[in-house]
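Below is a short report on one predicted model. The structure comes first, and the notes follow.

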Amino acid sequence: MPSIGTIAYYLVRPSQLRDIIQWKVWHNPVHERDEEKECATLKECFRFLKLTSRSFAAVIQELHPELLVPVCLFYLVLRGLDTIEDDMTINIKKKEPLLRKFDTFLDDENWTFQENGPNEKDRELLVKFDNVSKEFNKIKDEYKVIIKDITKRMGNGMADYALNAEFNKQGVNTIKDYELYCHYVAGLVGEGLTRLFVEAKLANPVLLQRPELMESMGQFLQQCNIIRDVREDHDDKRYFWPREIWSKHVDKFEDLFLPENKEKALNCSSEMVLTAIKRADDCLFYMAGVREQSVFNFVAIPQSMSIATLELCFQNPAIFERNIKISKGDACKLMTHSTQNLQMVCEIFRKYARKIHSKNSPRDPNFLEISIACGNIERFIESIFPTQSARTLKSASEAVDPEVAARQKKEAEDSKKDIMYIMFAVGLTLAFVTFTMVLAAWLAGARFDLAIKMVKDGIWSPPKGPEAVQQIIEKYDGGRGEL
Amino acid sequence: MAALKTTDDGKSLGHVLVTGGAGFLGNHIITLLTKRAACSKITCLDIRPAAKPVDGVDYAVGDITDNETMTQLFSKIKPTAVIHTASPVFNNNNREAMYKVNVEGTKNLLKVSQETGVRAFVYTSSSSVIHDTVSDLINADETYPYIMDDAQPEYYTTTKAKAEIAVLAANRTKEYPKFLTAAIRPSGMFGEGDVQVLPPGLSAYYRGQTKFQIGNNENLFDFTEITNVAHGHHLALAALLATSDREASGQALPLDHEKVDGEAFHITNDAPVYFFDFARMCWAAAGDQTQLSQVWVLSKDFGLFVATLMEWVFWLFGLGKPNLTRQQVKYTCMTRYYNINKAKQRLGYEPICGLQEGIRRGVKDALYRGVVVGQPMELKGKKID
């Protein structure tokens, strides 16, 4: 039962409620899990999926049957890795080999891990990890190779960061480091998924030849999260915003959170948004290479959510105070539109690019760069879905045959005549009103003769006070003294 | 990319004649070519002497419409290549002069060049030749048709289009098969020395008009920093000469998708921006502190209404040109940006000066020159950062 607060919220925002209802009622999954055919261990895996991810669980479960289980397991394996990395109660000496060897645990169907701290929210996944490895060993070898390769590289990357004392104390230093970090935690996922899609023949193999596209897919999502979570990460003493960016605006990272630095903090956050949004056109390009609807939905929904999140964070001082989220109604609307086709997703990107642009402040040091980046998204969309081309122009001009031209000419002349008539009518009305007013004034005894004489002598302002009036009368009217 | 290689390996473009070399663009082309030591010799040809002559450049004064003088000059100096930028100022109301200089002058130069053995000819056209001054241009490429004569309200543009057609038609004619031509179509040129974009834009700031916006500012517009336009000319010229050299050494003709001769190229900063954002960046560079929350947004229709009213009132009382005209409102609310993939692919073009850097330099220069109406005169001649 929803709370009174929730009911009141939607009473004043009916369109949000409408978006939610539309998504719930009209969204039909492209594919559905066939639970009857699933064995106990697989069922357990899907239970973990729902437990560990709210946002991905739904889209993964709608994936094409060929990829449903591999992607679910890929997610759980990475989540398991992440749970070890995140756990600050595990000693680094113990943590490092665990991260580096994590891919080998998949071979051992009995491997489980009990030593997570009691507060680690996904600890159950590792406690019962044997379910995951058992299912993992049933999938096709091609998929296993990909998942293990990515797990190994990500584990090594995480281990390097865990050992890096400077990173742990100071956070990310340069923009290059920042992108490298995002590469390990997200770019690699993009690579793994793309290889899975191509292997399953659900995406264009060309995607593998343009690695910067899949890299951007991961970078875009991760950078959006890093921008949105700045407050939460700061409270947890994790610093992902690169020093190279924030040091341009404030001396110490924590200064971003001081109310007196509001404008500086916003300028800093817009530089972060700028770094992320430069990837948006790559993401659209990538999505053009996806061949199957469920895979498209799977990749498009998070991207749409991310650009909406970027827009929400852009020039929004609230990100430094609390964790902000796009509203549920907006999320449902985004999901409805992201599960159709590329053109609809492009429309989302164009809409949010324009929203970002409309909040862009000329006092921001990156004002023009942000404007260019938003314009670039629009231009890219035009390059894949052109609204205009030489052909559309020509057809418009060729359509003008002599008959139509003659008619248009006549219409133009008619409208010119109409304007003349209107002007005439306006002039007539004005003349009539003027005449009536002058007449009324004259009937009431106005002395226009005196006024005209005064004007002739160059006196434009009316006389002030009875004495001045008397003087005027004496001067122009021979002192007859009659008003 | 062939073009870039020719310039990079220091191969000389030979003796280059730049017409209109004392003008805004011509001067930048001469400066760039000199700085890059790209030519064995540069001659500047203009109707008036240059205000600031560049060291090592020859200066000639002459009228491009005069066949005799031009033949004499060309026979004497024997240029390898011509970059033809000369053109009367856009706001010229003298139709005859525009036709004479742009069309007849260009045809005369082509003829003289062909007769005196010039190998390559690059013409500065205009991105407006495909624009009717009213419609939107969205990512427009070079396949768009010319808009001329009755369809073209700006007579100046008609003359530029006719000249461009003549230039491209002169490429590889039967009579002169080795004479190669190309045209560059820049869009919204601005930069150091400019009189048409930055000075009027900045004077809006000094008149206190930064708090108004007409239209929703969702229209993208192309502006091009002047050194990028100069760079585009250099690349085109180098590509023509490279083609010419290749043929002279017996190699194959360029393929259709790499051909530069006989082609027109759009040149921009490769960064379309929302119209008012460009203006606001210029104002900010001059010190404007306006916040978005202070800006009044007027609809396009309302803007047109006010402009019409002002035009009538100014006309009625003979006050000259009003502060706001309908054409200005239309341009302010218009989408006008170009696809420059052709220049990127065939010329290897990439902008060498970013928009922001260009604005910073250009604004500084305009205030230094003191050409902004209403600017504080103490800024004139003063170096600022």
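## A helix pair in chain B

α3(B) passes α4(B) in a right-handed crossing. A crossing is right-handed if the near helix is turned clockwise from the far one by less than a right angle, and left-handed if anticlockwise. Helix α3 covers residues 67-77 of chain B, and helix α4 covers residues 95-115 of chain B. Their packing angle is about 35°, and their axes lie 10 Å apart. Axes are lines fitted to C-alpha atoms over the stretch in contact, and angles run from 0 to 180 degrees between N-to-C directions. Helices here are DSSP runs (H or I, at least four residues), strands are E runs of at least two, and both are numbered from the N terminus.

On the α3(B) side, the meeting residues are B:Asn67, B:Met70, B:Thr71 and B:Phe74. On the α4(B) side they are B:Asn108, B:Leu109, B:Lys111, B:Val112 and B:Ser113. Contact means heavy atoms within 4.5 Å. By class, this contact has 4 nonpolar, 4 polar and 1 charged residues. Ala, Val, Leu, Ile, Met, Phe, Trp, Tyr, Cys and Pro count as nonpolar, Asp, Glu, Lys and Arg as charged, and the others, Gly among them, as polar.

## Basis of the model

The model is predicted: local features need pLDDT of at least 70, side-chain atom pairs count only at pLDDT 80 or more, and totals for chains, interfaces and linings use all residues. Residues are numbered from 1 along each chain as its sequence is written, chains are lettered from A and ligands numbered from 1 in the order in which they are written, and side-chain values use heavy atoms, with hydrogens and water left out.

B:Gln114 is buried, at 14% relative accessibility. Buried means under 20% relative accessible area, exposed over 50%, and partly exposed in between (1.4 Å probe, protein chains only). Beyond its neighbours within four places in sequence, B:Gln114 contacts B:Ala170, B:Thr173, B:Tyr176 and B:Phe179.

B:Ile184 belongs to strand β7 (residues 180-186) of chain B. Its relative accessible area is 0%, so B:Ile184 is buried. B:Ile184 and B:Cys282 are 98 residues apart in sequence, and their C-alpha atoms are 26 Å apart in space.

## Positive phi outside glycine

A:Lys237 is not a glycine, yet its phi is positive, near 60°. A:Lys237 lies in the loop between α15 (230-235) and α16 (243-246) of chain A. A:Lys237 is exposed, with a relative accessible area of 60%.

B:Asp149 is not a glycine either, and has a positive phi of about 50°. B:Asp149 is in the loop between β6 (137-140) and α5 (155-169) of chain B. B:Asp149 is partly exposed, at 42% relative accessibility.

## The interface

In the interface, 26 residues of chain A contact 28 residues of chain B. The two chains bury about 2500 Å² between them, 57% of it on carbon and sulfur atoms. Buried area is the accessible area (1.4 Å probe) that two parts lose on being put together, summed over both.

Chain A and chain B share 2 salt bridges. A salt bridge is a side-chain nitrogen of Lys or Arg within 4 Å of a carboxyl oxygen of Asp or Glu. A:Arg354 pairs in this way with B:Glu218, with the closest N and O atoms 3.2 Å apart.

## Salt bridges within the chains

Over all chains, the structure holds 55 salt bridges. A:Lys148 and A:Asp107 form a salt bridge at 2.7 Å, N to O. A:Lys148 is in helix α10 (residues 141-163) of chain A, and A:Asp107 is in the loop between α7 (102-105) and α8 (123-127) of chain A, 41 residues apart. In chain A, A:Glu44, A:Arg47, A:Glu124 and A:Lys128 are linked in a network of salt bridges.

B:Arg172 forms a salt bridge with B:Glu247, the closest N and O atoms being 2.7 Å apart. B:Arg172 is in the loop between α5 and β7 of chain B and B:Glu247 in helix α7 (residues 226-248) of chain B, so this pair ties together parts 75 residues apart in sequence. B:Lys344 forms a salt bridge with B:Asp270 at 2.9 Å between the closest N and O atoms. B:Lys344 is partly exposed, at 26% relative accessible area, whereas B:Asp270 is buried at 16%.
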